[in-house]
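Trainee: I have a new model open and would like to learn how to read it. Could you walk me through it?

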Amino acid sequence: MPKKEKYLLKASIALAAVFAVAPASNAMHIMEGYLPAGYCVAWGLICLPFLIAGFFSLRNKVKENRRNLTLIAMSGAFIFVISSLKIPSVTGSCSHMTGTGLGAILFGPASVSVLGIIVLIFQAVLLAHGGLTTLGANTFSMAIAGPLISFGIYRLSQKMRINKRIGIFLAACLGDLFTYCVTSIQLALAYPSEAGGVGASVVKFLGVFAPTQLPLAVIEGILTVVIVIGLETYAKPELKSIGFFKEKEAR
C-alpha cells in the first residue's frame, strides 16, 4: 500500500477511535417503530431507484480506477463517524451532523445513497441509532435528499466561480440543513398537528431542530473543508483520478 494511502487509513482509524468514546444516548435518527408501517414501506420504495443507480455508479467508479476504493471507504467512514454523534432534540429523533456532503462532492449523490444506507444499517444494528423499520425514511433524508442538495450547490458554486472552499462549505452546511427539513416533513406527514395539520407540524419540528442543527451544520461545513484540504495535500493523485481537480488546478 502506498504511503499516502497508509496515511489516510491511519488518519481515519484515529478519527474513528477518538469519536468512538462518545457516550451513547437514546437519541437517534427517526427511531425504530416510530413511523407507521405504511410510511416505512413507502419511503423504502422511494429509495429503491436511487440505491440501484448508486450501486451502478460505485461499480463504475471502481472499474475506472481501483484506487478510488480508498476515497470511497474514507467517505463512508466519515459518514459513519460524524453521524453517530447525536444531540437529543425531540421525541423520536435527534440532531446530528450527516457527513454526506463530502461524498456527494467527490462522487456525486447517487454513490452516497449506497454509502448512506450501509452506514444506517450498521448504526441501527450496532448502536441502536435509528432503526430497521425506519431505514427507508432515514435513507431518503440523510443519504438521498441531503446529498442531492450538496451536489447541486457545489456544482452551482463552480459555475458561478465561487471560491472552491466556500463552495464546499456551503454544500456541506446546506445539505445538512436540508436533511433535517426533509426529516421534519417526514415526521409531520406521519403525525400532523391537530391544529394546522401537516404544515403546522412541519413548523413545529423545524423550530425544535433549529437551535441545535444550525450550529452543527456550520461545524460540518468547516470539517468538510478541512478534510478536503487534507486530501488535496496527501491524496492529490486520487482526487485527480475522480475528476475533482480541473486540469489547470492539478498542475
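Trainee: Which residue forms a salt bridge with Glu 232?

Mentor: A salt bridge is a side-chain nitrogen of Lys or Arg within 4 Å of a carboxyl oxygen of Asp or Glu. Here Glu 232 pairs with Arg 165, and their closest N and O atoms are 3.7 Å apart. This pair links distant parts of the chain: Glu 232 belongs to helix α8 (residues 197-234) and Arg 165 to helix α7 (residues 164-190), 67 residues apart. Helices (H or I, at least four residues) are DSSP runs, numbered from the N terminus, as strands (E, at least two) are too. Bear in mind that this is a predicted model, where local features need pLDDT of at least 70, side-chain atom pairs count only at pLDDT 80 or more, and totals for chains, interfaces and linings use all residues. Residues are numbered from 1 along each chain as its sequence is written, and side-chain values use heavy atoms, with hydrogens and water left out.

Trainee: Is Glu 232 buried or exposed?

Mentor: Buried means under 20% relative accessible area, exposed over 50%, and partly exposed in between (1.4 Å probe, protein chains only). Glu 232 has 17% relative accessibility, so it counts as buried. Arg 165, at 44%, is partly exposed.

Trainee: How many salt bridges does a search of the whole structure find?

Mentor: The search finds two. In the other pair, Arg 67 meets Glu 238, with the closest N and O atoms 2.9 Å apart. Arg 67 sits in the loop between α2 (37-64) and α3 (68-83), while Glu 238 lies in helix α9 (residues 236-241), 171 residues away. Glu 238 is buried, with a relative accessible area of 1%, whereas Arg 67 is partly exposed at 37%.

Trainee: Which residues touch the most other members of the largest nonpolar core?

Mentor: A nonpolar core is a set of buried Ala, Val, Leu, Ile, Met, Phe, Trp, Tyr and Cys residues joined through side-chain atoms within 4.5 Å. The largest one has 54 residues, and Leu 106, Leu 239 and Phe 244 touch the most other members. Helix α6 (135-159) gives the most to this core, with eight residues.

Trainee: What is Leu 106 in contact with, leaving aside its neighbours within four places in sequence?

Mentor: Contact means heavy atoms within 4.5 Å. The partners of Leu 106 are Ser 75, Leu 231, Leu 239, Ile 242 and Phe 244.

Trainee: And how many disulfides are there?

Mentor: A disulfide is a covalent bond between the sulfur atoms of two cysteines. With the cut-off for the pair of sulfur atoms set at within 2.5 Å, the count is zero. Cys 47 is buried at 2% relative accessible area, and Cys 173 is buried at 8%.
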